[in-house]
Amino acid sequence: MAAMSTTTTGADARDEDPRPGGPADSPFVRACRRQPGPHTPVWFMRQAGRSLPEYRAIRANVGMLESCRRPDLVTEITLQPVRRHAVDAAILFSDIVVPVAAAGVDLDIVPGTGPVVAEPVRTLTDVERIRPITRDDVSYVDEAVRMLVAELGDTPLIGFAGAPFTLASYLVEGGPSRTHAKTKALMYGQPELWHALCGRLAEVTLAFLRVQVAAGVSAVQLFDSWAGALSEADYRRFVLPHSAGVLAGLADAGVPRIHFGVGTGELLTAMGEAGADVVGVDWRTPLDVATGRIGPDRAVQGNLDPCVLFAPWPVVEAEVRRILEQGRAAPGHVFNLGHGVLPETDPDVLTRVVALVHELSAQSGDRG
């Protein structure tokens, strides 16, 4: 990737008048802001990951947490899909538990399992051990973002964090869960403790995202992977105030805010109310239906089923066309998958999807 021609990086660069072709004037940022652009922008959740042979090579014998804490590795892994696929945005390579580990929680990311917490949260004392974080606690993230901004040039970089509910679920369950039974038991049975935990995690998440914004990311995405396990009533009572607090804390950051969850079709109205500029939609809900639920003042992101990428190319092309057509109902559309790239995905198919989205949206005048 060509380096920027100016030595100005980070928030200082963003505060200047956006230069033509710069990240702030990119198709991705324009679509997030519901502004027209030359084509519908596209990037993929988990685009930097196990689907790429170059990723598997660089991660060989390097643990996940270690790789997230090495700016050189973060930079290279984040750039890999930009080089290969010509996507319209990079997303910072990280993991949702990185700021929680920086806040003092004893955890590890176990291959084949995911985050595993040594001492799950059960009491207020456990919550109070989760300390606030500063830039110094995640200086490796600050360094990686600054390196990436310089390398990416006109391509915007998306910052990354997990939402309070999903982080809380990992901390209460002690690891991944299909039922979230312990999480819900604490949520229903000890609501004061639940809100104390989510409030503390919201502070950590906001601080983590603010470090990334100060270092120069052009947008942020708040992932709430497990929110779809809840009813709308429970989401509004137990989750919405905390996610809204994170997003409101970034209202003055000058960058678009994206909010995404899996299985959240019945929560889209509430998720729109949380305050993001863009709401991610998984593959279960058509984008025109989602737009009706989210409202006319939010852009949408999505929502090709990741499994479609394993189908014959004519099927993939038909689905891409359908999603672009349904996305025209929204005031802004960022093309993406409805969840992350699966490890077995053929990278060449992703490259073809990017080219197809650009070609079809430029031809049809469907521009973000």
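Two strands are said to pair if DSSP finds at least two bridges between them; strands (E, at least two residues) and helices (H or I, at least four) are DSSP runs, numbered from the N terminus. The model is predicted, so local features need pLDDT of at least 70 and side-chain atom pairs count only at pLDDT 80 or more, while totals for chains, interfaces and linings use all residues. Residues are numbered from 1 along each chain as its sequence is written, and side-chain values use heavy atoms, without hydrogens and water.

Begin with strand β2, residues 107–110, and strand β3, residues 114–117, which pair in the antiparallel sense over 4 bridges. Select Leu107: Val117 in β3 stands opposite. Leu107 and Ile109 form the covered face of β2, and Asp108 and Val110 the uncovered one. In the hairpin, 3 residues lie between the strands, and Gly112 takes a positive phi near 80°.

Next, select Arg46, Gln47, Ala48, Gly49, Arg50, Asp95, Tyr170, Ser225 and His339, where an unreviewed UniProt entry places the feature "binding site"; such annotations may be inferred rather than shown by experiment. These residues span 294 residues in sequence, and the farthest two C-alpha atoms are 23.2 Å apart, so they do not all gather at one spot.

Now select Ala48, in the loop between α2 (27–32) and α3 (53–59). Beyond neighbours within four places in sequence, Ala48 is in contact (heavy atoms within 4.5 Å) with Tyr55, Ile77, Thr78, Pro81 and Phe93.

Finally, select Arg50, in the loop between α2 and α3. Arg50 is exposed (over 50%), at 54%.

Note on methods
Buried < 20%, exposed > 50% of the residue type's maximum accessible area, 1.4 Å probe, protein only.
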